[in-house]
Amino acid sequence: MPTDTYYGLAVDPVNLCAVEQIYQIKTRQKHKPLSLLISSLAQAYSLARDTDPMLDKLADRFWPGPLTIIVRAGTKLPLRSTANTGNVAIRVPDAAIPRAVVERLGLPITATSANLQGASECTNAAAVRDQIGDRIPLIIDGGPTGRTQPTTIVDLTLGSGRWEILREGAIPTHEIVMVLQR
């Protein structure tokens, strides 16, 4: 389904068979965790533990939008869903379809890009069909995503108020710095 950045593979992260299928579909390395789409900051708190006030600052400024925040995973998520890291990457997308799905289910869904490992990310349903259409049961065509950059990823799991930008994407580093240094 489309997100606000690229098309993503959406499954229930607690369904370990579905999670395993994502790794197989993408030929993704098993040590790389999957990010999750959520509907709200409240849902973030239900999935996380030992949160930092920086989560609130970043969420207030950039959610919904293309910011993925890594936090310590709570007990609701199986360790396998975190690729055995104990951390979870979450974001509230600025796209109607995935937000409606998450809100209707009342559960997060996975958000890893719908492409083969190492191949180009897909910004429309036709690209998904061409790359992995024979490996997945359904493609939701929501039109082009409108972006060509991935989410920015900020890791808040370092402790003691420390943070790190793991990937600069649609949100520039200087904007993250401005919010977190207030």
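Two strands count as paired if DSSP finds at least two bridges between them, and helices (H or I, at least four residues) and strands (E, at least two) are DSSP runs, numbered from the N terminus. The model on your screen is predicted: local features need pLDDT of at least 70, side-chain atom pairs count only at pLDDT 80 or more, and totals for chains, interfaces and linings use all residues. Residues are numbered from 1 along each chain as its sequence is written, and side-chain values use heavy atoms, with hydrogens and water left out.

**Stop one: β3 and its partners**

Start by selecting strand β2, residues 48-49, which is joined to β3 by 2 bridges in an antiparallel arrangement. Show alanine 48 and you will find alanine 73 of β3 opposite.

Now select β3 (67-73) itself. With β6 (152-155), β3 runs parallel, and 4 bridges join the two. Pick leucine 67 to see threonine 152 of β6 standing opposite. With β4 (87-91), β3 runs antiparallel, again through 4 bridges; here valine 71 faces valine 88.

Is β3 largely enclosed or open? Colour the strand by accessibility. Of its 7 residues, 6 are buried, so β3 is largely enclosed by the rest of the structure. (Buried means under 20% relative accessible area, exposed over 50%, and partly exposed in between, with a 1.4 Å probe and protein chains only.)

**Stop two: a cis peptide bond**

Step back to the loop between α3 (53-62) and β3, where proline 64 sits. The peptide bond joining tryptophan 63 to proline 64 is cis, with omega at about -5 degrees.

**Stop three: two positive phi angles**

Next, select asparagine 84, in the loop between β3 and β4. Although asparagine 84 is not a glycine, its phi is positive, about 65 degrees. This residue counts as exposed because its relative accessibility is 52%.

Then jump to serine 160, in the loop between β6 and β7 (164-167). Serine 160 is another residue other than glycine with a positive phi, near 55 degrees. At 78% relative accessibility, serine 160 counts as exposed.

**Last stop: a nonpolar patch**

Finish with a surface view and select Ile97, Leu138 and Ile140, which make a nonpolar patch of about 240 Å². Patches are made of residues with over 30% relative accessible area and no salt bridge; like charges are joined within 9 Å, and nonpolar side chains (Val, Leu, Ile, Met, Phe, Trp, Tyr) within 5 Å. A salt bridge is a side-chain nitrogen of Lys or Arg within 4 Å of a carboxyl oxygen of Asp or Glu. Accessible areas come from the Shrake-Rupley method with a 1.4 Å probe; for residues, only the protein chains shown count as cover. Leucine 138 lies in the loop between α5 (125-132) and β6, and its 63% relative accessibility is why it counts as exposed.
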